[in-house]
Structures are given as C-alpha cells and as structure tokens.
Amino acid sequence: MNSGKLPRVSDFELVIVGGGLASARAIKSFREEGGEGPIALVSKDSTLPSPRPPLSKRFLRGETDEEPLVEDEAFYRDHGVEAMLETAVSSVDVRGRSVQLDDDRLGYRKLLLASGAWPRRLQAPGADLENVFTLRRVADSRAIREAATGAKRAVIVGAGFIGMEVSASLRQIGKEVSLVHLSRWLFEQLGVEPLSNELSALYQSKGVELVLGRRVEAFHGNGKLEAVTTTNGRRVEADLAVMGIGVEPVTDFLEGSGIELDNGIVVNERFETNVPDVYAAGDVANFFDPLFGRRRRIEHWSNANYQGTQVGKVLAGADGGFDTVSTFFTEIFGITIRVFGDARRDAEVVVRGTLADGKLYALYGDENGEVIGALSVGQSGEIEDLLKQQIAAHAPIAGAVIA
C-alpha cells in the first residue's frame, strides 16, 4: 500500500507504530470520534493488521484460505491512512516529534506505540533448523500449515495458549503430536489444577502425547528437523516443531528515547506515557488497571481490541481509558474457555463443575477474600455477566459462589 514517495514529515497528525489489532481499532475509533489529519501506520509485517486467534485455529487448519484481516485495504485508504508495510522504526525522537525509519523520518503530532510482542525462541542447539517455528504473524501460520502438509509428526513446545491451540489444531488435521512442557500442568498460568487434569485426559484421549515435566534440550536434523530430545534423554521423532513459550514486548527501538519502559511501555489508564502526546496500547502496554489498583500487561485479542478502541477515543480528544473487567478466551478441540479479570496464580481458587459435564467455572480470590477473576466453560451469557459483575464489585469470594 505504500505508494512510493511519502508525505512530508509535517503531514502526519498521528503516527502508529505496529500493525496489529490495536492499531486497526485505534484508527477506526479515532475517525469515529472526529479525529482528523493524515495517519501513518508503520508495520514490520507484510500484511495489513490481522486478528491472531484464527492463526492457531481455523487458518492453521486450512478451514479457510482467506488471510484474516481486521479491515480490508479500502478501509485504510478511505480513512486517510498511509500503510507502510515491511517497514521498521529504528528510533523515536520525542523532542523532535519524529520516528526514524531506514531511509525516512516521519514527524507526528501524536504518536501511538502498538508494537506488540515477539515470540521467545528456545536457546537450544538446532533451534534454527528448517521446520522449527514460532507463531505470531499470518506468514508464520501459513508456513506452519504448508510444512504440515508434508509432515507426519509434530512436537509442540509449551502448554500455554499457543501450545495448547496449535497442538489441538495439528491433531485435528491428522498429525501425530507430542506436547512437551516444563511443568506438569497444562495451562499452568490459569492456576486451576482440576481443569489441568481434565485437559490432560482430554488431550490424551484425542491422541496427543504429553511429555510433561521435561525441557527440550536440542533439536536434531541435517538442515531440516528430524527429532527433538528432552532433559531425560528422551528422543521424539518429528519433522515439524512449534515453540509456544511466551513472548517479549517489542521496545528495543525505544531505548534512550526517554519513554519509560518496564516490562513493556508504562502508561496510565488513559494509555498516556510519561512523554506528552505519546501513547501505547495492546500487548506492549504496561497499563494501570484502576479496578485492581495495579499495573498489568495483557497479551490477548480481547485486550488489544478494547484498548485500541479506547486509545483511539483518547487520541481524538474524547473520553476514553481502561475501565472494564478484562476478558480473554481460548478454543481447543471445540471447547471454549473464557477468563475474566485478574486470574493470577497466587489467588485462592474455588472450582465448581467439571469439563466432562460441559459446565465449569472457577473463582479467583485475593488476600482480602474478594473476587478478582473468574474462568468459565459452557456457562450461559447471563452467568458470565454475573461473574464479571462480582469481579467489578469486589464481592466476597465466599458469597460469590453461584449454584
């Protein structure tokens, strides 16, 4: 979409760094709230902003060949956006109100940093072999899907959201799958041991081999992956591997800029950094959550969707900011798990129901005995709304348990 010669430096009302969901939502909201002036969208990706959930699910399984996009090309053209794809920002000059590209410098009146997060890679021998992947972009999902067509056996490293979703998807398209995870819990970050136990049984019943409590020591092959070995000396044959071991916020280009960094970009509930007219939203934002009175950084679709919409309002001069019970979800083998609020590991957890029954929920309580989070499987919209209301009201966990 880059038409060649860029507009003059002074032409940009808003420069957005990052090509994810938060960026697309910010543009839409900014225009809907009356924001005017040209916008530059600078992204390393080769595609326009895309939603990530399909990349580990429907798109990866080949159920659709249409690349998932938040908005089509016409949207950006109609909203006065110069989309600069496959373009990196090397630095930000807050005094000069500009961002430095490889060959150009873009001036801004307002700057939105939505650079997201990047997958970690294991620092293990052979991690750079062909057919060893991480998953973050459309191109990654397409590459895994294409490699899977000629693969028989896959190893997935990590049992968080990406690992669990990719394991399920590859098994659903008929691949032999081994899931290697350092902990003995699946979805350990959710802190619900009964759910983890039931998920272990489910995955094994679907034919996924679980290799738990083990670390990957090395990837083996002559240029192309052939096997993986774990800490107990176990060798697992594989011609495809996907690492899902978490992400790191992308902030390297901000070093020395004066913008405060701490596990991402530090912002308040209105997504404002410590520098005037510089904002951050989405995966990279370490934001203040007024509901819990503490900082959080959330790496999920729902958060990027919400924060992008809210920061667009703020950028346009309208009311906006973080004021909600955060929500995220995952879907595995047709089961949707939704999580609300602050489901942290050190919480007291009360579980009702079972995965086998198709209805389960968990409540998370803090040190004061107040509900701070909830997990839901198979519950009605009314029950989920009630769970969110109890979180927002800081209800006592003892009285919040529902029938």
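Let's start with an open sheet of 3 strands in the order E18-E20-E21, with mixed pairing (strands are DSSP runs of E, at least two residues, and helices are runs of H or I, at least four, numbered from the N terminus; two strands pair if DSSP finds at least two bridges between them). Strand E18 (265-266) and strand E21 (294-296) sit at the edges with a single partner strand each, so one side of each has no neighbour in the sheet. E18 and strand E20 (residues 285-289) run parallel and share 2 bridges. Ile 265 faces Ala 285 in E20.

Before going on: this is a predicted model, where local features need pLDDT of at least 70 and side-chain atom pairs count only at pLDDT 80 or more, while totals for chains, interfaces and linings use all residues. Residues are numbered from 1 along each chain as its sequence is written, and side-chain values use heavy atoms, leaving out hydrogens and water.

## A hairpin

Strands E24 (residues 348-354) and E25 (residues 359-365) run antiparallel, joined by 7 bridges. Val 349 has Tyr 364 of E25 as its bridge partner. There are 4 residues between the two strands of this hairpin, and Gly 358 takes a positive phi near 85°.

## Helix H4

How many of the 12 residues of H4 are buried? The count is 9, so H4 is mostly covered (buried means under 20% relative accessible area, exposed over 50%, partly exposed in between, with a 1.4 Å probe and protein chains only). Phe 161, Met 164 and Leu 170 are among them. The cover includes helix H3 (138-149), helix H5 (193-205) and strand E22 (327-332).

As for length, the 12 residues of H4 (residues 161-172) should span 16 Å, and the end C-alpha atoms are 17 Å apart, which agrees; the expected span is 1.5 Å times one less than the number of residues. After H4 comes Gly 174, with a positive phi near 90°.

## The cores

The largest nonpolar core has 59 residues, and Met 164, Leu 199 and Tyr 364 are among those with the most contacts inside it (such a core is a set of buried Ala, Val, Leu, Ile, Met, Phe, Trp, Tyr and Cys residues joined through side-chain atoms within 4.5 Å). Another core, of 55 residues, lies apart from it and includes Ala 26 and Tyr 108.

## A buried threonine

Thr 47 lies in the loop between strand E2 (39-42) and helix H2 (73-78). Its relative accessible area is 15%, so Thr 47 is buried.

Key
Contact means heavy atoms within 4.5 Å.
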